[in-house]
Amino acid sequence: MKRILVIGAKGMLGGDLMGVLLSFFPNDEIFGWDIEEIDIQKEEDTVFKIEKLRPHIVINIAAYTDVDGCESNEEKAFAVNAEGARHVALAALRCQAKVVYLSTDYVFDGKKREPYLEGDPPHPLNVYGHSKWKGERYVQELVKDVLIIRTQWLYGKYGKNFVTSILRQASEKRVLSIVNDQIGSPTYTVDLAKAISTLIQFDARGIFHAANSDFCTWYTFGQAILKLSGMDKVKVIPISSKELARPAVRPSYSVFNCQKLKKETSLTLRPWSEALKEYLSTYRPSTGRTGR
Ligand SMILES: NC(=O)c1ccc[n+]([C@@H]2O[C@H](COP(=O)([O-])OP(=O)(O)OC[C@H]3O[C@@H](n4cnc5c(N)ncnc54)[C@H](OP(=O)(O)O)[C@@H]3O)[C@@H](O)[C@H]2O)c1
């Protein structure tokens with residue numbers, strides 16, 4: 001029997017990952033910790049608590065994920081996303097555990113204009129991307145059995161996300177302005193949780209890109225959300241990232257090549273539009289953050 005520890009279990013991905021892990025590994029022990037149980041910024045405490053549990057696999061999905069907030073709070077971004085990852089890796093090293101670390105498309109600058117491969121050189125544009133890339137390097141330096149999964153544009157029922165934001169705004173306004181110069185793949189946390197569990201099942205190592213297939217802009221994604229929710233009377237205006245003027249610069253192109261995932265596990269995540277349809281069929285406005 002294996003002991004699998006998820007850190008960040010009460011976040012958006014964590015809520016779905018806990019359930020999916022239970023279905024993939026019914027005979028193993030799954031532990032879900034979050035900030036109440038462990039603060040990964042604290043080295044000694046993190047190492048002590050993880051070492052006490054002696055897990056075989058540690059899945060670190062705890063992060064400071066407020067991309068704009070990271071710009072004004074660089075110290076916290078690095079303390080959680082980079083140093084926190086190092087503390088978890090140190091503990092895993094002592095227990096000889098496998099480490100699974102979730103990373104992001106924001107490690108890239110988007111200038112490639114064709115789907116990013118795992119081996120492409122990172123060049124983050126914002127603090128969040130820098131902090132996650134540093135986390136990747138710490139984990140790789142410290143632990144031999146490492147699985148890094150880069151993903152993007154997440155939405156799911158256990159957290160506030162782009163879908164919940166569009167639906168909320170559409171219930172309040174007649175016209176929405178949505179950015180139309182960033183391209184990526186919206187990814188449903190249930191599908192990502194299955195990809196993570198599959199990669200663990202295959203004992204995969206190294207870096208993998210995992211996202212729902214096909215790509216779009218936030219504007220196209222927003223239109224699809226409204227249409228599938230029967231709210232397409234709300235007018236949507238395409239705008240540029242410059243017009244939105246958010247603190248963190250985002251890559252204009254962040255599409256992943258997910259062929260490595262397919263080659264090693266035969267898994268391809270379904271198109272984002274299909275996943276969105278399923279998510280919206282179960283969507284209830286009050287469900288944001290109910291996992292907490
Ligand atoms: N969301 C996306 O679009 C996206 C895209 C690419 C990659 N990712 C990566 O995917 C993973 C999961 O993302 P998510 O959207 O599910 O994030 P999330 O909803 O923000 O969940 C992260 C969880 O970690 C907890 N946490 C924060 N600081 C912590 C600390 N010092 N010690 C322990 N726990 C801490 C958070 O608690 P609080 O809420 O109380 O802070 C939260 O419950 C992250 O590694 C993220 O970087 C996300």
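Cys 95 counts as buried because its relative accessibility is 10% (buried means under 20% relative accessible area, exposed over 50%, and partly exposed in between, using a 1.4 Å probe and protein chains only). How many disulfides does the structure hold? The structure holds zero, where a disulfide is a pair of cysteine sulfur atoms within 2.5 Å. Cys 258, for instance, is in no disulfide, and the nearest cysteine sulfur, that of Cys 216, is 14 Å away.

A word on where the values come from. This is a predicted model, in which local features need pLDDT of at least 70 and side-chain atom pairs count only at pLDDT 80 or more, while totals for chains, interfaces and linings use all residues. Residues are numbered from 1 along each chain as its sequence is written, and side-chain values use heavy atoms, with hydrogens and water left out.

## Around the ligand

Let's turn to the ligand. It is surrounded by 27 residues, and the closest are Leu 13, Asp 34, Asp 39, Thr 65 and Tyr 128; a residue is near a molecule or strand if one of its heavy atoms lies within 4 Å of it. The shell divides into 13 nonpolar, eight polar and six charged residues. In this count, Ala, Val, Leu, Ile, Met, Phe, Trp, Tyr, Cys and Pro are nonpolar, Asp, Glu, Lys and Arg are charged, and the others, Gly among them, are polar.

Which elements each supply at least two residues of the shell? They are α1 (12-24), β4 (98-104) and α5 (127-142), and β4 gives the most, with three residues. Helices (H or I, at least four residues) and strands (E, at least two) are DSSP runs, numbered from the N terminus.

In the side chain of Asp 34, an N or O atom is 2.8 Å from an oxygen atom of the ligand. A backbone N or O atom of Met 12 lies 2.9 Å from a ligand oxygen atom, and one of Ile 38 lies 3.4 Å from a ligand nitrogen atom. On its own, the ligand has 900 Å² of accessible area, and the protein covers 85% of that (accessible areas come from the Shrake-Rupley method with a 1.4 Å probe; for residues, only the protein chains shown count as cover).

## Two buried serines

Ser 103 lies in strand β4. Is Ser 103 buried or exposed? Ser 103 is buried, because its relative accessible area is 4%. Its side chain makes a polar contact with the side chain of Glu 136, at 2.7 Å. A polar contact is a pair of N or O atoms within 3.5 Å; within protein, one must be able to donate a hydrogen and the other to accept it, and residues adjacent in sequence count only if both atoms are side-chain atoms. Not counting residues up to four places away in sequence, Ser 103 touches Lys 132, Glu 136, Ile 148, Ile 149, Arg 150 and Thr 151, where contact means heavy atoms within 4.5 Å.

Ser 254 sits in the loop between α9 (241-244) and α10 (259-265). With 2% relative accessibility, Ser 254 counts as buried. The side chain of Ser 254 makes a polar contact of 2.9 Å with the side chain of Asp 105. Leaving aside neighbours within four places in sequence, the contacts of Ser 254 are Asp 105, Gln 152, Trp 153, Ile 183 and Gly 184.

## Helix α8 and its cover

Lys 227 is found in helix α8 (residues 218-228), and Lys 227 is exposed because its relative accessible area is 61%. The buried residues of α8 are Trp 218, Tyr 219, Phe 221, Gly 222, Ala 224, Ile 225 and Leu 226. Among the elements covering them are α6 (162-172), β7 (175-179), β12 (235-239) and α11 (272-281). Just after α8, Gly 230 takes a positive phi of about 70 degrees.

## Positive phi without glycine

Which phi does Arg 113 have? Its phi is near 65 degrees, a positive value in a residue other than glycine. Arg 113 lies in the loop between β4 and α5 and is partly exposed, at 47% relative accessibility.

Asp 203 is not a glycine either, yet has a positive phi of about 50 degrees. Asp 203 is in the loop between α7 (189-201) and β10 (206-209), and is partly exposed because its relative accessible area is 41%.
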